[in-house]
Amino acid sequence: MSEPAGRADRLAARVAEREIDRLLVTNLVNVAWLTGFTGTNGACLVEPGRHLFLTDFRYAERAAEIEGWEVEIVTGEWLKGVAAALAGRVGVEDGHVTLRDYGRLRELAGDEVEVVPAGGDVEDLRRVKDPAEIEAVAAAAELTDSIYLELIERGLTGRTEEEVARYAVARMREMGAEPSFPPIVASGPNGASPHAEPGPREIGLGELVTIDMGSRLDGYCSDCTRTFATGPEGGLDDRAGGIYEVTLAANLAGLEATRAGALGSEVDAVARKLIADAGHGDRFGHGLGHGVGLEIHEAPRLGPRSEDELRTGEIVTVEPGIYLPGETGVRIEDMVVVGAEGVARNFSTVPKALTFVA
């Protein structure tokens, strides 16, 4: 977990700009980003001049190590203890609090406390990564790329999709990481499903294999997709090779359009146009990309309806694809840092030129 110093002050400044006195943060990912705490029960109450962290007795010793926060150990019922710390007009993360807990908090807090929906600020702050976060993502990406190179060296032909996926997960864990999501290994016609689950299908010769995987290391995620051809070079039919080249061109165009100030919809449109012009517009049904950080999918979004304006320091994926039902599919995904003039850093180092794997 990267150093969280100063993040609570940035959030407190946001709170001061809103019509609330303080913000209650209960989403554990947001709690971790603010404090570095990675336990299973914790909350933050943030206001200008005061940062209060609440947890239960199980984490008393760990909480004492959190710097810059006043710590309160809740005994008895958790929500009752949280409600006792509230005062004035309190915003809650309405995107994460259940309707039942919201009602219970309002009941327990009493008539002198106003509990109102006020989510989204922490997620918005999390969009722009600090240098420590960027290096954490880079480490996860480097680990993932090393596994890709191992898979290329070991070969794919004759192995089942499940076997390839299990190997990747095992290697991540051997190197101290966890998968940031269940790996996708989709061969032949299974590649036509963007989120295919690895199955017992044996990977054959002369076909495309899409592998989408990422590692979670020290709390931060990586995400990368590569599509390989199996067998000797030249053994792939022209149709499959053709959609690979179109997808690669769309990936490169999307990367070229990725820069601070661009809307997610604008970047998506650049890559999507290339695929549509090649006659496959109806075969690219998902958005071009998404943010990556503590979560594998976070803001901003790159898609046809995205109004997110990209900012310097965000980490996003660029992952166009073409999926031909019953035949095959291609997706090529890079994970990059947004810069003022374009991509500031591409974490995905596995070659993108069509690679033939034994």
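Colleague: Let's start with R126: is R126 buried or exposed?

Modeller: The general idea is relative accessible area, found with a 1.4 Å probe on protein chains only: buried means under 20%, exposed over 50%, and partly exposed in between. R126 has a relative accessible area of 3%, so R126 is buried. Before we go on, this is a predicted model, where local features need pLDDT of at least 70 and side-chain atom pairs count only at pLDDT 80 or more, while totals for chains, interfaces and linings use all residues. Residues are numbered from 1 along each chain as its sequence is written, and side-chain values use heavy atoms, with hydrogens and water left out.

Colleague: Which residue forms a salt bridge with R126?

Modeller: A salt bridge here is a side-chain nitrogen of Lys or Arg within 4 Å of a carboxyl oxygen of Asp or Glu. For R126 the partner is E298, with the closest N and O atoms 2.8 Å apart. This pair links distant parts of the chain, 172 residues apart: R126 is in helix α6 (residues 121-126) and E298 in strand β14 (residues 298-302). Those element names come from DSSP runs numbered from the N terminus, with helices being H or I of at least four residues and strands being E of at least two. E298 has 8% relative accessibility, so E298 counts as buried too.

Colleague: How many salt bridges does the rule give?

Modeller: The count comes to 32. One of them joins R7 and E133, whose closest N and O atoms are 3.8 Å apart. R7 sits in helix α1 (residues 7-17) and E133 in helix α7 (residues 131-154), so this pair ties together parts that are 126 residues apart in sequence. Both R7 and E133 are buried. Another joins E319 and R331, at 3.9 Å between the closest N and O atoms. E319 lies in the loop between β15 (315-318) and β16 (321-324), and R331 in strand β17 (residues 328-331), so the pair ties together parts twelve residues apart in sequence. E319 and R331 are both buried.

Colleague: Which residues are linked in a network of salt bridges?

Modeller: That network takes in R14, R18, D121, D124, R127, R311 and E314.

Colleague: On to sheets. How do strands pair?

Modeller: Strands of a sheet pair through backbone hydrogen bonds, either parallel or antiparallel. The rule is that DSSP finds at least two bridges between two strands. In this model, three strands form an open sheet with antiparallel pairing, in the order β7-β10-β11. β7 (178-179) and β11 (220-221) are the edge strands, each pairing on one side only. Two bridges join β7 to β10 (residues 215-217), and E178 has R216 as its bridge partner in β10.

Colleague: And which residues touch the most other members of the largest nonpolar core?

Modeller: A nonpolar core is a set of buried Ala, Val, Leu, Ile, Met, Phe, Trp, Tyr and Cys residues joined through side-chain atoms within 4.5 Å. The largest has 37 residues, and L11, V25, C44, F53, W69, I315 and F347 touch the most other members. Helix α7 gives the most to this core, with five residues. Take C44: leaving aside neighbours within four places in sequence, its contacts (heavy atoms within 4.5 Å) include L23, V31, F53 and W69. A second, separate core of 27 residues includes L236, A271, L288 and I322.
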